[in-house]
Amino acid sequence: MEPKQLKIQNHWLGTDSAVHEKVSGKDSGLFADALPDTIVIHYTGGPSARSAVNTFRNPQVKASAHIVIDYDGTIIQLIPFNRIAWHAGVSHWGDRHSLNRYSIGIEIVNPGYLTRSGSVWRGAYGDTYGEEQVMEAVHQNEAEPRWWRVFEPEQMQACHQLCEVLMQTYGITEILGHDEISPGRKQDPGPAFPMDRFRGRLLDTDRSDETPEEKPRERRQGTVTASSLNIRKGPDAGSERVTDPLPKGTSVRILKEENGWLEVETVIRGWVSAQHISER
Ligand SMILES: [Zn+2]
């Protein structure tokens, strides 16, 4: 479903563009003056919008959110935008902590990271996904790549339109991922969500432009295609070698680019005899 012109009245989206599934008793009352000014983006971590809404409606579960966005772009509102929902938990950003009282929580249906078994990828609830629904990427808070469920274009479009109307209505000035305000504890929305581009377009502050040679949020990965590849201390064929050449197939993380050279980092994992390692 493509969301029609979104309108907010009395802190609820119109029923012509959103489904209402009111959740009561799972908020901390009204926001303070001039708040909310932030949007926090999440993924649900589950297989469907139904399971997410059921969880947020369950009085036993101490979690709630303002919005759930289904795979087809359907927007479901659970809590009015003037009340404090329970989506961020232990979190901090700048001088602030416990971001619930500053922010609107948008949960996008997505199982998060997946495990691969052959040509099938599985979520935590036995839900399965095909090759065209997954991507391999390194999370900004992690070192190793994992498999992630991609977000559907309908979800991205609905989320964008929703953020636009929330910005106009509430004067939102910040859009953050749960993984940015609760790093280590939370992985959502993760690397499948193009956060820099998304908030850059909405807030007109594309932070990836500030350091064009390094884009910390957009990790680039590569694989050595030469049979063996010299790795040097500088971007120059005359520069000293760092170590033995990298064999073909070695995966590398790309850190920088300069005059046809890439600065890369490689992580090799395996077991070695302890007597030949001096530990720092
Ligand atoms: Zn979250």
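Here is a short tour of ring pairs, then of charges over rings.

This is a predicted model, so to speak of local features we need pLDDT of at least 70, side-chain atom pairs count only at pLDDT 80 or more, and totals for chains, interfaces and linings use all residues. Residues are numbered from 1 along each chain as its sequence is written, and side-chain values use heavy atoms, with hydrogens and water left out.

A search of the whole structure turns up five aromatic pairs (Phe, Tyr or six-membered Trp rings with centres within 6.5 Å; planes under 30 degrees apart are stacked, over 60 edge-to-face, the rest tilted).

Select Phe-81 and Tyr-170 first: they pair edge-to-face, 6.1 Å centre to centre with 65° between the planes. Phe-81 sits in the loop between β6 (75–77) and β7 (92–93) and Tyr-170 in helix α2 (residues 153–170), so this pair ties together parts 89 residues apart in sequence (helices, H or I of at least four residues, and strands, E of at least two, are DSSP runs numbered from the N terminus). Both Phe-81 and Tyr-170 are buried (under 20% relative accessible area, 1.4 Å probe, protein chains only; exposed is over 50%, partly exposed in between).

Next, pick Phe-151 and Phe-193, another edge-to-face pair at 5.5 Å and 90°. Phe-151 is buried, as is Phe-193.

Now for the charges. Lys-62 lies over the face of Trp-86, 4.6 Å from the ring centre (NZ of Lys or CZ of Arg must be within 6 Å of the ring centre and within 35 degrees of the ring normal). Finish at Arg-146, which lies over the face of Tyr-113 at 3.9 Å from the ring centre.
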